[in-house]
Amino acid sequence: MQVDAVVLDIDGVLVDVADSYRRAIIESVERGCDKTIDRDAVQSFKDAGGFNNDWELTNAAALYVLARREGLGMDVETFTDRVAEGGGGLDAAKEAVGDLPRVAQARVRDQWDTDRLRETFQALYLGEELYRELEGGEPPISAPGYIHDEPTLVDPETVADLTERFDVGVLTGRPAAEAEIALERVGLDVPEEHRFTMDDWEEGKPHPRALVELAERFDADRVAFAGDTLDDVRTARNADDEDPSRVYYGIGVLTGGLTGDEGRRKYTEVGADAVVGDVNDLVELLE
């Protein structure tokens, strides 16, 4: 696969977030709703699309849990299928809850405290010290910070190889400050103009704007984007459609929520050009 530039997602590609972001989703819903979803359900929301922002995924999961309590007759797979059919994301989750009677919907809205969910999520993920530094206030709960439990997935040799051979950019749903922490941890130095984080664009993946703009900044003809979700591959496919002057390759990585043969099948179904076991396999894949 011949390319001029390589763009990397962070979560599930450079660092393992199973016990950080995804744990924070589950425990935030538990604290906010007295019941939660499991890790497989988190992946079902991710697969539905439109949840580049884990705060929004947390809100959607909480909405589902509260709606179930009020009588919504869908298991999580049916619910997330409906979300996918509705175009993905939080708005589609709200539409799916519309199956409830209006009185029940009102009760769900009264219990659905998205501000509290976000504050709880950040307190769990960042821990007290980073919460005060990045959020500018006292955390609502005391937690050590799951951000400190993110094993690296990329070898130093891979970082050296990719940065020596290609222009390297980053496209992530993380806030900028949290992206910086992860990049420092893995030893990847990416200039700000070659990064897109949550703070840099409103659309989120799978919208192609950020990937196309990175390609333009690199003046690259052929770009590979490696990520751990179906929306990452969809982003590359959408960029291909949006920008016919370049070639965009979508590469699925099997170190996030999508793993094994089932992960390969799902990536292939949405048009992945390649699927790799982990990010280190890019060294041999890319020329």
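By class, the residues that line the largest cavity divide into 7 nonpolar, 6 polar and 11 charged, where Ala, Val, Leu, Ile, Met, Phe, Trp, Tyr, Cys and Pro count as nonpolar, Asp, Glu, Lys and Arg as charged, and the others, Gly among them, as polar. Before I go on, please keep in mind that this is a predicted model, in which local features need pLDDT of at least 70 and side-chain atom pairs count only at pLDDT 80 or more, whereas totals for chains, interfaces and linings use all residues. Residues are numbered from 1 along each chain as its sequence is written, and side-chain values use heavy atoms, with hydrogens and water left out.

Let me stay with the cavity. The structure holds 1 cavity of 30 Å³ or more, and about 290 Å³ of space lies in the largest cavity. On a 1 Å grid over the protein atoms alone, a cavity is a set of points where a 1.4 Å probe fits but cannot get out, a pocket is an open set with protein on both sides within 12 Å along at least five of seven lines, and lining residues have an atom within 4 Å of a point. Grid points are joined across faces, edges and corners, and a volume is the space filled by probe spheres set on the points.

Which residues lie nearest the centre of the largest cavity? They are D11, K46, F51, N52 and D54, out of a lining of 24 residues. The elements that give two or more residues to this lining are α1 (21–33), α3 (54–69), α7 (114–135) and α11 (230–242), with helices (H or I, at least four residues) and strands (E, at least two) taken as DSSP runs numbered from the N terminus.

The domain assignment of the protein chain gives domain 1 (5–16 + 151–286) and domain 2 (18–147), and such bounds come from an automatic or database assignment. Each of the two gives at least three residues to the lining of the largest cavity. The C-alpha centres of domain 1 and domain 2 lie 25 Å apart, and their contact, meaning heavy atoms within 4.5 Å, takes 20 residues from domain 1 and 19 residues from domain 2.

Where does the largest pocket lie relative to the domains? It lies between domain 1 and domain 2, because both give residues to its lining. The largest pocket has a volume of about 220 Å³, and its lining, which includes G50, N52, W201, K205 and P206, has 3 nonpolar, 5 polar and 4 charged residues. The peptide bond from K205 to P206 is cis, with omega near 15 degrees, and P206 is found in the loop between β3 (195–196) and α10 (209–218). As background, most residues other than glycine have a negative phi, and most peptide bonds are trans.

I will finish with a helix pair. Helix α2 (residues 39–48) and α3 pack at an angle of about 115 degrees, with their axes 11 Å apart; axes are lines fitted to C-alpha atoms, for helices over the stretch in contact, and angles run from 0 to 180 degrees between N-to-C directions. The contact is made by V42, F45 and K46 of α2 and D54, L57, A60, A61 and Y64 of α3, which divide into 6 nonpolar, no polar and 2 charged.
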